[in-house]
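Hi,

Here is the structure I promised to pass on. Have a look through it first, and then read my notes below.

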Amino acid sequence: MFKEKLKTLSKQFNIPGDFHFAMPYGSGHINDTYAVDINQGGTDIRYIFQRINHNVFKQPEELMNNIMRVTEHITRKLDGIPDCTRHTLTVIRAKNGQPFVRDAESNYWRVYVFVEKALSYDVIENEQQAYEAAHAFGEFQKDLVDLPAPRLFETIPNFHNTPWRYEMLEQAIAEDKAGRAASCRKEIEFALARKADASLLVNLQKNGELPERITHNDTKLNNVLIDNVTGQGICVIDLDTVMPGLIHYDFGDMVRTSTSPAKEDEKDLSKVSMQFNMFEALLRGYLKSAGEFLTPMEKHYLPFSGKLITLEIGVRFLTDYLSGDVYFKVHREGHNLDRCRTQFKLVQSIEEQYEQMMKLLESI
Ligand code: ADP
Ligand code: GN1
Ligand code: MG
C-alpha cells in the first residue's frame with residue numbers, strides 16, 4: 001500500500017529517475033518516515049520521504065518555511081566544504097516549486113536528501129558519541145546565531161514551557177479520560193513533588209537573565225547522524241521544532257537521551273542511570289562548539305537543564321498515558337507509562353549526582 005503511495009508521490013517531486021523501492025525507516029515518535037530508492041542513471045539513490053504529523057504540527061506550511069530558512073542559511077555557511085549535503089538536511093522541492101506536496105487526504109509530504117554512510121542511535125554506546133552529538137548540536141545553535149530576521153515561527157506553542165506542561169498534567173489527572181490515574185499514583189506523586197522546579201528557567205528568561213536564542217528543541221540522540229567511518233556528528237536532523245528557545249532545552253535533552261545506557265522505554269529500571277562520564281563528554285563537546293557565545297548564566301544552568309528537561313518529558317509521557325495515548329506513537333500496552341518511568345528514574349539519578357555535576361562544570 002505505502003509503496004504505491006510513495007511511487008505516486010515521488011513523481012510529484014523534482015527527482016529524476018524511476019521509483020524502485022520503499023520501506024518504513026527510523027524510530028521517531030511523531031512523523032511517518034520512509035527510505036525510498038529511486039533509480040537514477042542505472043543506480044539506486046535513496047531519499048527520505050516524510051509525512052508531517054499535522055495533528056502535532058498544526059501549520060505545516062509555516063513549519064516548512066522555517067526549515068527552508070534554516071537549511072539554506074546553514075548551506076550557505078557550508079559553501080566549499082566537501083560533501084556539504086551530508087552536513088545539513090537538504091529539502092527537495094516539489095515540481096510546483098513548493099517544499100512539500102499535499103495529497104488527496106490533506107497530508108503534507110516532504111523529501112530530503114538521504115545522508116548516507118551515517119546512522120542515528122537510540123541508545124548511547126560510548127563517550128565519543130556523546131561528545132560528538134553534543135558538539136554537533138552546539139555547532140547547529142552557533143550556525144543560527146546570525147539567522148536574519150524575522151523571528152522563526154513557533155511550530156508548537158509552549159513546547160518547552162514546563163509550567164504549562166504541568167498544567168496539562170494536572171488537567172489530565174483531573175479528567176482521567178482513560179481511567180488510568182489509579183495505575184500511576186506513584187508517578188503522579190513524583191511529578192507533583194517537583195513542580196517548584198518547573199518555572200525556574202522560564203522565570204529567568206522573563207527577568208531578562210537568560211536570552212532567547214534559536215534552538216533545536218528536540219535534541220535526542222537519534223536526531224543527529226554519526227558518520228560510520230569517522231564517528232563524527234555530521235548532521236543535525238528532525239528540524240520541525242527549530243524555533244526560539246533557551247539553549248537549556250537542547251542541552252537538557254542531550255542529558256536525557258545520551259547519558260543512560262538503557263532504552264527510553266526500558267522496563268527494567270535498574271538499568272537506567274545518569275552515567276557521569278557521558279555527562280562529562282556531553283559538557284565538553286557542547287562547550288567546545290557553543291562555549292564561545294554562551295553567557296556565564298547560560299553555562300551555570302546546564303546541569304539543571306538535564307534534570308528539568310528529563311522531568312518535563314516524563315511529565316509529557318505521563319500526561320499522554322493519562323489521556324489515552326493521543327500524542328506519541330505507542331507500540332504496546334502501557335508504553336507511555338514505561339517511558340515516563342525511565343524518565344523519572346533518570347531524574348532521580350541526576351538529583352543524586354547533582355553536586356558533582358556542578359563541580360565538574362566549575363572546573364571546566
Ligand atoms: P521524527 O520526527 O518522527 O522523529 P525524524 O525526522 O527524526 O522523524 O526521522 C526519523 C529517523 O529517520 C531519524 O531518526 C533518522 O534515523 C532517519 N532520518 C531522518 N532524516 C534522514 C536523512 N536525511 N538521512 C538519513 N536518515 C534520516
Ligand atoms: C518526540 O520526533 P521525535 O521522536 O524525535 C517529541 C520530543 C520528545 C521525544 C521523546 C515534536 O521526538 O519532544 O522529547 O519524542 N517530538 C515532538 O522521545 O513532540
Ligand atoms: Mg526524530
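Let's start with N223, which counts as buried at 5% relative accessibility (buried means under 20% relative accessible area, exposed over 50%, and partly exposed in between, using a 1.4 Å probe and protein chains only). D238, at 26% relative accessibility, counts as partly exposed.

Before going on, a word on what you are looking at: this is a predicted model, where local features need pLDDT of at least 70, side-chain atom pairs count only at pLDDT 80 or more, and totals for chains, interfaces and linings use all residues. Residues are numbered from 1 along each chain as its sequence is written, chains are lettered from A and ligands numbered from 1 in the order in which they are written, and side-chain values use heavy atoms, with hydrogens and water left out.

Back to those two residues. What coordinates the magnesium ion (ligand 3)? N223 (OD1) and D238 (OD) do, at 2.2 Å. Donors here are N, O and S atoms within 2.8 Å of the metal (3.2 Å for Na, K and Ca), and water is not among the atoms, so sites may look incomplete. N223 sits in the loop between strand 8 (213-215) and strand 9 (224-227), and D238 in the loop between strand 10 (233-236) and strand 11 (243-245), so the pair ties together parts that are 15 residues apart in sequence. Helices (H or I, at least four residues) and strands (E, at least two) are DSSP runs, numbered from the N terminus.

The peptide bond from A149 to P150 is cis, its omega being near 0°, and P150 falls in the loop between helix 3 (127-143) and helix 4 (162-175). D83 is not a glycine, yet has a positive phi of about 60°. You'll find D83 in the loop between helix 2 (60-77) and strand 4 (91-92), partly exposed with a relative accessible area of 47%. D176, also not a glycine, has a positive phi near 40°; look for D176 in the loop between helix 4 and helix 5 (185-192), where the residue is partly exposed at 24%.

Now the helix packing. The axes of helix 4 and helix 10 (residues 302-322) come within 9 Å and cross at roughly 25°. Axes are lines fitted to C-alpha atoms, for helices over the stretch in contact, and angles run from 0 to 180 degrees between N-to-C directions. Helix 4 and helix 10 are therefore roughly parallel to each other (angles under 35 degrees count as roughly parallel, over 145 as roughly antiparallel, 65 to 115 as roughly perpendicular and the rest as oblique). Residues that meet there include Y166, M168 and L169 in helix 4 and L308, L311 and V315 in helix 10; contact means heavy atoms within 4.5 Å.

Helix 10 also packs with helix 12 (residues 354-363): their axes come within 8 Å and cross at roughly 145°. L302, P303 and F304 of helix 10 make the contact with Y354, M357, M358 and L361 of helix 12.

Finally, take a look at F21 in strand 1 (residues 18-24). F21 is partly exposed, at 35% relative accessibility. Setting aside neighbours within four places in sequence, F21 is in contact with K3, A35, V36 and D37.

Cheers
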